[in-house]
Amino acid sequence: MELLQPDILLQLLIGGLLAGALYALLACGLNLVFGVMRVINLAHAELMLIGAFATWVLYNFFGLNPLVSALFIVPAVFVLGYYFQRVLIERVVDRPMLTSLLATYAVSIILINIGLLVFSADFRSVPALQGSFVFGNIAISEPRTIAGVVSVALTVGVYQFLERTRLGKAVRAVSEHAQVAGICGIDVRQIRMLAFGLASAMAAAAGVMLSIIYSFWPGSGVDFIQKCFAIIIIGGMGNFVGALYGGILLGVVESFVGAFISTQWGEAMAYLLLVTVLLIRPTGLKGAPRG
Amino acid sequence: MASSGNGRPIRGIWPGALLLLLALLAPLALNQYYQSFLLQVFIAIALAQAWNLISGMTGYVSFGHAAFFGVGAYVGALFLTWGVPWWFAVFSGAAIAALLAVPLGMLTLRLRGPYFAIAMLGLNEVGRIMATLWVSVTGGGSGITLSPKLLPSLGVEYFSALVLAFGATLLVARIYRSRFGLELRAIREDEEAAEMMGVNTTLNKVIVFVLSALIPGAVGAVYAMYTTYIDPDSAFAGARNIEMIVMVLFGGSGTVWGPLIGAGLIMIMREMLWAQFPAAHLALLGVLLLVVVLYLPGGVVSLARRQRYLRPDARKSGEAPPP
Amino acid sequence: MTVPVCDPDHILCIWGLHRDFGGVQALRGVDLHVVRGTVTGLIGPNGSGKTTLFQVISGIDRGATGTITFDRENIIGWRPSQIYRRGLARTFQLSRVFPELTVHENLVVAGSRKDRSADERALGLLERVHLREYAGVLGKNLSYGQQKLVEFLRVLMSDPALILLDEPAAGVNPTLRQTLWDMVRHLNGLGTTFLIIEHNMEVIADLCSDVYVLSEGEIIAHGDFDSIRKDERVLEAYFGKSRKHTAA
């Protein structure tokens, strides 16, 4: 096969890593919410799309560079997520997981269709960054590189936040055992709101990155949420690092399958992986067994 | 009122019979437009009851169940292009959907609640992707067009849909009152405890899963006959998935009348909105679902039931009953 | 390794039962025999492994090693539903009544499918505990004590030979509690064997002809209540080694 040349393989690998970084950023956010409050947020991908569409709007109406827009969008969505948690999710944290699944499913439907009403089903993109970096025989597109690097940086940043800072440790404490954390004086509710805000901000950031490399429409979230599930189940639900590796793994697998078989089969990988892993190990391949 | 084995009286026999009678007579009074509308309502009712079986009654909430409808639609359409009689096509749609449900069910029903829901979430999309990729069989993106010569009249399609809707509702009612239904509901309430009480949870779950796939399979084939053209997007429409879920939850999940009422009301709402504003219709469904999940988990039907099944001493006085 | 033969008088024989939870040894070589037709008590301080033992016997926990013989059959590895149908039933510490099913339905579902008279039997049982009028009430609308009572009735539906009761009276008010113990006595008189986890020593003294004491996963004493009461090891397990503190 003409594909089996080192240069091409390397290109596929790098492409996969960069794409995977984006998935990881998104999946880690979803995982964070699950870890802290045992809620599966089916509207997570739509939060990402809010970031993507916001970037598009700012680019087309104000000519703002996406990276600059991110500085406004990400904090804004953080606040949005924070209050969204307070108003809505708090009501379902104590209920069985299916309740929160249905509730967030409803929210995702609402968001997607509001998106359709406002933006229609046309594909949008933000071609703000062009060009590629060339190393010998390998060409990597600039937008993909930036998206990948920023995604990794943010994901690692959040990880450091969780590991090193006091607030981050409080978040982790609530993930491990909310009741005990509460007794130790941690305001569990605040932490939940913070975590959701953070996860939303991560999703929005992923959305900004998304907008510069892919074209998207309000319905794009459906694919992404599936991929997130595949990732967090492979990596272990609630396991932050697991989701990071899982995301990158998925990106690479997709890249290779897409090249060797077909792009559509590459797209289907997430579904297949998800069902396979769910059946083999509902607790994921890495990470501690959880609920 | 007639009584059933487990002590609950059978309500709704007369209203049900009345509705059936009206539905049977409707084609005499209504024009094609309204007949078509009712046909779609029947399809919705059948789908809702099927979803109700696995998700409402057994508690295994399936987020991608519309996939079986899509399978039925394609199977039905294909068989029709090969010249089989229409009823055979419908039967095949049901049979193939049921056959697929067996291994699928045995694999996914092992997963607990939320994981089952997630596993099923992508099923509809998988169906759509496969329909797009398997060009040799499904015609890929171009879909399958059915020439009118192969199809029965609107009247026949109408009655098929009616029979399926009525049959599905009857099936749910029958199961609800049966030992099988009792075991399903026990599984929903507490699967482990049910297992402890001697209930064969695995067998029960697979049977109900297959039943819940069989009905959409048949209905899908009828749909294909009715629309004369199907493609991946119409057969595996995400909207149908959403409607199935919201109709049942809004009406009252796990009950006999709930899906019926939910389907009816939402189809009426859809009729008013869809043509002009499909996105608005779905957004409203989302809002409806959210409201139901947060404030009215038992659905519309629970509004009527509020007063029943309270403790005898709770009803006698206004004070709190003794422990 | 030869498996000792279970005495025909013993309905339940347990030998060398070990259960490890990755480092924590919940059960260490438990040997326990329940004589047919008795009410046998199982006591011990919190965390000694009593509920774990029940989980293993009833088949929910399949991770133990050792031998469990019920009515002459080795039931290790059996599924809970199989064990139940064989005639060994149990109740749970926290009520697991089906909340959205009526009391009547709660009982009927626990009976065998082939039992034509399940409806009447359920009503009959309710009658005995004066809950007949609650037949149509949803499980979730019952008081906690009533739920525990219904749960107890539920296991009676299949006419088990041996019933494991896990703190059946915990959280139940005195009146209902008395009803419960009266039923245990009555059924025992008719031949049903009971193995009961209880903390209330009066009940144990009153009801049980045979008592096992479990501490930290091991059986440390066995006999009638009077001898248990005076056993050094038992006192140690409950009150700790140092006698100096007992004066405080």
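Predicted model: local features only at pLDDT ≥ 70, side-chain atom pairs only at ≥ 80, totals over all residues.
On the side that touches chain A, 27 residues of chain B are in contact with 27 residues of chain A. Three helices of chain B, namely H5 (113-121), H6 (123-133) and H15 (278-295), each supply at least two residues of this side, and the largest share, 11 residues, comes from H15(B). When the residues of chain B that touch chain A are sorted by class, 23 are nonpolar, 3 are polar and 1 is charged.

On the side that touches chain C, 22 residues of chain B are in contact with 32 residues of chain C. The elements of chain B that give two or more residues to this side are helix H9 (179-189) and helix H10 (191-196), with H9(B) contributing the largest share, 6 residues. The residues of chain B on this side divide into 10 nonpolar, 5 polar and 7 charged.

Six strands form an open sheet with mixed pairing, and their order is S6-S7-S8-S3-S9-S10 (chain C). Strand S6 (88-90) and strand S10 (218-223) of chain C stand at the edges and have a single partner strand each, so one side of each is left without a neighbour in the sheet. Averaged over the sheet and with direction ignored, neighbouring strands are turned by 20° against each other. Inside this order, S3(C) pairs with strand S9 (residues 210-215) of chain C in the parallel sense, over 4 bridges, and C:Leu42 stands opposite C:Tyr212 in S9(C).

Helix H1 (residues 50-57) of chain C lies across S3, S6, strand S7 (162-166), S8 and S9 of chain C, and runs at about 145° to S7(C). Helix H6 (residues 174-189) of chain C has 16 residues and reaches 22 Å from its first C-alpha to its last, which is close to the 22 Å expected at 1.5 Å a residue.

Which residues of H6(C) are buried? They are C:Leu176, C:Leu180 and C:Val184. Seen down the axis of H6(C), the buried residues fall within an arc of 85°, so they line one face of the helix. Their cover includes strand S3 (39-43), helix H5 (144-156), strand S8 (193-197) and helix H7 (201-207) of chain C. The face of H6(C) turned away from the buried side carries the exposed residues C:Pro174, C:Thr175, C:Gln178, C:Asp182, C:His186 and C:Gly189. Just after H6(C), C:Gly191 takes a positive phi of about 115°.

The last stop is B:Pro27, a residue of helix H1 (residues 13-29) of chain B. B:Pro27 has 18 other C-beta atoms within 10 Å and is therefore partly exposed, since a residue counts as buried if 20 or more lie within that distance and as exposed if 12 or fewer do. Once its neighbours within four places in sequence are left aside, B:Pro27 is in contact with B:Gln35, B:Gly155 and B:Tyr158. With B:Tyr158, the separation in sequence is 131 residues, whereas the C-alpha to C-alpha separation in space is 8.5 Å.

How values were computed: Residues numbered from 1 in each chain as written. Chains lettered and ligands numbered in written order. Contact = placed C-beta atoms within 7 Å. Nonpolar A, V, L, I, M, F, W, Y, C, P; charged D, E, K, R; others polar. Expected span 1.5 Å × (residues − 1). Arc of directions from axis to C-beta. Pairing = 2+ DSSP bridges. Axes fitted to C-alpha atoms, helices over the stretch in contact; angles between N-to-C directions.
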